[in-house]
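User: Can you walk me through some contacts in this model? Keep it short.
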Amino acid sequence: MTGNIQLLSDTLAKAKAEDRAALIAYLPAGFPTVDGGIAAVKAVFDGGADVVEVGLPHSDPVLDGPVIQTADDIALRGGVKIADVMRTVREAHEATGKPVLVMTYWNPIDRYGVERFTEELAAAGGAGCILPDLPVQESALWREHADKRGLATVFVVAPSSKDERLATITAAGSGFVYAASLMGVTGTRESVGEQAADLVRRTRAAGGLPVCVGLGVSNAEQAKEVAGFADGVIVGSAFVKRILDADGDESAALGAVRELAAELAEGVRRTP
């Protein structure tokens, strides 16, 4: 069974051919419940997202700010397991035919087993993994199994990343490069900033992978700004916040994330 790295690459290429950036959404599995999380991913796709990252909830999500930490805590207290993450990927992909990635810290994969994890993710129709805390120098085992299973390996770069490191990461990675727009944790911000544009320029110069920008994008105007220089716009906390603000009303939550996805999808299609 092979995964859907080609679908991911084709989706990003199609957006580029349409002279726009791809919209990539993030939602944690198991939030607010496993079924509710699956419905939320489908709603985001319905609203216009091109790709979805399904988060594997972690007790110490070092890259994530308070909004996603709150969602992870709800999911973990609800008993979410890796099997639920795989089910979320499978059902979202089967329902939409669109690429679904898993975003996870390394420790859960290491404990679960790399071969087992990649086999199950490929079988679920997953497109790959975003691995924010896996050093590229220590990624050979993961990449061996991911490549064998047709899964993308997406590494994260930051404004502090030197050009030499960017070259190493773009050579080792696949699918796209996740460019953190600023130093810090995830969350909505007033401005995405010039650092992101410079990081995208340097990452593109280092290799041939698409570069998608996350951390801080929360509305259509910011999506438009980032779409002016990046291949993809990644939005997470803003979606999670809409679900939290619905305060347990699933219908309201699904409507809110669908509406936000539609606004952001319009944003990435506007000419700057």
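Analyst: Glu120 and Arg116 form a salt bridge, with the closest N and O atoms 3.4 Å apart. A salt bridge here is a side-chain nitrogen of Lys or Arg within 4 Å of a carboxyl oxygen of Asp or Glu. The model is predicted: local features need pLDDT of at least 70, side-chain atom pairs count only at pLDDT 80 or more, and totals for chains, interfaces and linings use all residues. Residues are numbered from 1 along each chain as its sequence is written, and side-chain values use heavy atoms, leaving out hydrogens and water.

User: How many residues apart are Glu120 and Arg116 in helix α6?
Analyst: They are 4 residues apart, so about one helical turn separates them. Helices are DSSP runs (H or I, at least four residues), numbered from the N terminus.

User: Is Glu120 buried or partly exposed?
Analyst: Glu120 is partly exposed, with a relative accessible area of 26%. Buried means under 20%, exposed over 50%, partly exposed in between (1.4 Å probe, protein chains only). Arg116 is partly exposed too, at 43%.

User: Switching topic. What angle do α4 and α6 pack at?
Analyst: About 30°, with axes 9 Å apart. Axes are lines fitted to C-alpha atoms over the stretch in contact, and angles run from 0 to 180 degrees between N-to-C directions. The two helices, α4 and α6, are therefore roughly parallel (under 35 degrees).

User: Which residues meet there?
Analyst: Ile82, Met86, Val89 and Arg90 in α4 meet Phe117, Glu120, Leu121 and Ala123 in α6. Contact means heavy atoms within 4.5 Å.

How values were computed: Angles under 35 degrees count as roughly parallel, over 145 as roughly antiparallel, 65 to 115 as roughly perpendicular and the rest as oblique.
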